[in-house]
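Student: I've got a model open and want to go through it with you. Can we start with the strands and then move to the cavities and the ligand?

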Amino acid sequence: MSGLQERQQNVMSGLEERVPHEAISGLEEKQQPDPNSSSKMLVAAMDFGTTYSGYAFKFRHEATKKMYIKSWHKEAGSSCLPSEKAPTCVLLRANGEFKSFGYQAENEYSDIASEGLEEDWHFFRHFKMLLHNQEGLSSDTALKDSRGFEMPAKDIFTHCIKYMKDDLLEIVKKRKVDTVYTEDNILWVLTVPAIWEEPAKQFMREAAEKAGIEGGNLLLALEPEAASVYVKEMNVEVHQDQDMNQSRLSAFFPGTKYMIVDLGGGTVDVTVREVLDDRSLREITKASGGAWGGLRVNQQFYQYIEGIVGKEVMDGLKEQYPAAHLDLEREIEQKKRNLQGDENKKIAINLPGELLELFEENKGQKLSDFVNSSDHYKGRVDMRHEKLRFDISVTFSMFKPAVDSILHHIGELLSDPVTGGLQNIMLVGGFSDSRIIQRTVKERFKDFRVVIPQDAGLAVLKGAVLFGENPLIVSERVSRFTYGTKQFRYFLDGDPSEFREEIGGVPYCKNVFNVLAKSGQTFRVGQKVNTEVSPVIPDMTRMPVIFCQSNNPDQKYVDENCREIGTLLVDMPDTTGGLDRIVDVSLTFGDTELHVTGTDRSSGRNVSVAIELLKKK
Ligand SMILES: Nc1ncnc2c1ncn2[C@@H]1O[C@H](COP(=O)(O)OP(=O)(O)OP(=O)(O)O)[C@@H](O)[C@H]1O
Ligand SMILES: [Mg+2]
């Protein structure tokens with residue numbers, strides 16, 4: 001048997017060994033995601049949200065354990081209110097140069113647009129959703145600004161991260177810390193939804209590195225996981241509702257299972273955790289969720305209004321009067337937030353004068369005459385003094401798609417036997433402030449303790465700082481997908497004939513899915529899974545290996561049920577062994593990101609292995 005044939009045999013026989021099905025018992029060693037993290041003087045976390053972002057930091061040397069949270073300034077009428085998160089939006093000049101971020105960007109763009117000068121500017125917001133479920137994400141993926149002009153998405157993310165980073169450093173410097181500190185003394189923590197796929201995380205990491213954060217000083221934190229750390233560490237106070245008779249959360253004793261539902265602007269991200277004997281946290285189901293965040297409600301309102309005035313009128317407003325369009329979106333947001341959920345009165349949305357004019361120009365009648373005389377809208381909406389008034393039943397229906405998806409999803413998780421014994425459902429994220437959400441979740445899951453921490457909107461951010469201080473507080477995670485490499489081996493009975501390929505008269509199966517991690521499988525932090533890689537040409541110095549994912553735990557072939565998500569690039573600089581060279585590639589699936597390392601088997605030396613998850617154009 002030739003060396004190549006032997007190795008192909010090994011690929012097959014080694015398969016069972018490489019899949020640590022009985023989880024983790026063999027692995028005693030716990031590895032830190034970042035070995036330097038515990039030595040850093042400062043932990044700085046950024047919660048980069050779809051709708052709102054913020055940052056916080058904490059010095060390790062300070063005895064007070066005080067966490068500093070950035071306070072933004074939100075203009076409300078003539079006054080200026082402090083706010084712990086700012087809208088995730090960015091304003092750039094025509095040449096792509098950064099101008100402003102957050103409330104400042106929103107206000108400046110509004111002024112620019114009301115003066116009709118928007119052509120010289122680019123305004124971006126709500127762009128984080130670009131990375132959710134985006135197949136074929138590449139380093140060059142483009143993003144459209146508010147007027148439809150395309151720019152590289154990476155640059156927009158980089159501008160935001162860089163702004164927050166520089167702002168944070170300014171504040172740190174002003175505090176005149178007596179200990180000398182350098183940027184290398186900072187551990188940066190950046191939050192990402194747990195339901196993001198690996199390419200999206202790599203995109204975020206690259207954006208952060210482009211913003212000047214050294215890769216080795218950066219830790220990605222999974223948003224609901226950060227929140228779960230926060231609620232456990234703080235044993236948080238909860239809202240006291242007279243009507244809901246909510247009790248205090250019980251202590252986090254070993255064995256306590258709890259569900260964290262991070263209700264954000266873009267995504268709803270759920271994780272179920274159990275406290276272990278050593279008080280670390282174990283994930284007990286894979287992270288799950290979907291695009292059912294607070295923005296869905298705004299979109300429903302927007303579409304309803306568009307349905308009344310007509311798409312051409314709404315598009316006209318957006319193109320001709322962007323400032324008025326922005327005002328309408330802000331008005332929807334404000335009215336949504338004011339809802340108590342038990343009111344019996346109509347909610348009134350102020351429509352911009354420009355919209356009323358456009359409607360009259362287009363349709364030849366006043367919008368109020370149209371709405372108030374329509375049988376279709378009778379009892380649902382009416383108009384008075386430029387205000388569109390929604391009946392409460394219509395208002396509730398705006399929440400329905402998001403609420404139904406959330407309730408259904410929580411229900412499904414609770415019916416899974418692994419969540420047996422769970423009593424606490426914690427709602428965090430800004431959307432959990434909605435009384436409608438709170439009420440419906442509590443009503444549906446009466447047998448559970450539904451808890452909303454006092455600062456639910458900041459749980460992810462604060463938890464990210466705590467996680468940065470002690471990444472090992474999370475000890476086990478569950479793989480969201482089945483991961484594996486595309487491999488070649490001898491053709492076996494039962495292999496699909498379309499994957500058969502003969503080389504030198506020998507039949508091979510060319511699309512074998514070499515499973516490395518199974519969907520739903522538990523991994524200890526830092527736990528390694530090994531696979532061996534050999535060259536296919538004697539003098540090749542770098543071997544590319546296709547990396548795939550699937551939802552099916554028993555994926556056997558690289559077929560239409562799985563997806564190629566990237567390439568492992570294995571360096572093999574010493575070609576003396578020809579085809580008889582083996583690199584043992586180790587992958588860690590239990591960390592917040594995938595890490596890859598390689599060892600040349602004959603020399604025992606480390607070799608470089610890169611994992612490229614973003615498509616090249
Ligand atoms: N009182 C309220 N009623 C209804 N919705 C609210 C309320 N307060 C905040 N929200 C909504 O919560 C969302 C913002 O929450 P959060 O800041 O947690 O999201 P994010 O971090 O920007 O998004 P993601 O986590 O999905 O990236 C917005 O859609 C906002 O409208
Ligand atoms: Mg969030």
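Student: Which residue in S30 is the bridge partner of methionine 543?

Tutor: Valine 570 is the bridge partner of methionine 543. Keep in mind that this is a predicted model.

Student: How many bridges join S29 to S30, and which way do they run?

Tutor: Nine bridges join the two strands, S29 and S30. They run antiparallel.

Student: What about strand S24 and strand S29, parallel or antiparallel?

Tutor: Antiparallel, with four bridges between S24 (residues 482-490) and S29 (residues 542-550). Threonine 482 has serine 550 in S29 as its bridge partner.

Student: What do strands of a sheet pair through?

Tutor: Backbone hydrogen bonds, and the pairing can be parallel or antiparallel.

Student: Next sheet. In what order do the strands of the four-stranded open sheet come?

Tutor: The order is S28-S31-S32-S33, with antiparallel pairing. Strand S28 (528-533) and strand S33 (606-607) are the edge strands, and each pairs on one side only.

Student: How many bridges join S31 to S32?

Tutor: Six, linking residues 583-588 of S31 with residues 595-600 of S32 in an antiparallel run. In that pair, threonine 588 stands opposite histidine 595 of S32.

Student: Switching to cavities. How many are there of 30 Å³ or more?

Tutor: Three cavities reach that volume.

Student: Which residues lie nearest the centre of the largest cavity?

Tutor: Glu198, Lys201, Val478, Arg480 and Asp591, out of 19 lining residues. Helix H5 (198-210) and strand S23 (474-478) are the elements that give two or more residues to this lining.

Student: How do the residues of that lining divide into nonpolar, polar and charged?

Tutor: For the largest cavity, nine are nonpolar, three are polar and seven are charged.

Student: Why does the largest cavity lie between domain 1 and domain 2?

Tutor: Because both domains give residues to its lining. Domain 1 is 3-30 + 479-612, and domain 2 is 37-229 + 459-471.

Student: And how much space lies in the second largest cavity?

Tutor: About 100 Å³. The second largest cavity is lined by 14 residues, with Gln134, Gly136, Leu137, Pro199 and Arg563 closest to its centre.

Student: Which element gives the largest share of that lining?

Tutor: S30, with three residues of the second largest cavity's lining. H5 and strand S30 (562-571) each supply at least two.

Student: What do the domains put into it?

Tutor: The lining of the second largest cavity takes at least three residues from each of domain 1 and domain 2. By residue class, that lining has six nonpolar, three polar and five charged residues.

Student: OK, the ligand. Which residues come nearest to ligand 1?

Tutor: Thr50, Thr51, Lys128, Glu333 and Lys336 come nearest, of 22 residues around ligand 1.

Student: How far is the polar side-chain atom of lysine 128 from an oxygen atom of ligand 1?

Tutor: That distance is 2.7 Å.

Technical notes:
Residues are numbered from 1 along each chain as its sequence is written. Chains are lettered from A and ligands numbered from 1 in the order in which they are written. This is a predicted model: local features need pLDDT of at least 70, side-chain atom pairs count only at pLDDT 80 or more; totals for chains, interfaces and linings use all residues. Side-chain values use heavy atoms; hydrogens and water are left out. On a 1 Å grid over the protein atoms alone, a cavity is a set of points where a 1.4 Å probe fits but cannot get out, and a pocket is an open set with protein on both sides within 12 Å along at least five of seven lines; lining residues have an atom within 4 Å of a point. Grid points are joined across faces, edges and corners, and a volume is the space filled by probe spheres set on the points. Ala, Val, Leu, Ile, Met, Phe, Trp, Tyr, Cys and Pro count as nonpolar, Asp, Glu, Lys and Arg as charged, and the others, Gly among them, as polar. Domain bounds come from an automatic or database domain assignment. Two strands pair if DSSP finds at least two bridges between them. A residue is near a molecule or strand if one of its heavy atoms lies within 4 Å of it. A polar contact is a pair of N or O atoms within 3.5 Å; within protein, one must be able to donate a hydrogen and the other to accept it, and residues adjacent in sequence count only if both atoms are side-chain atoms.
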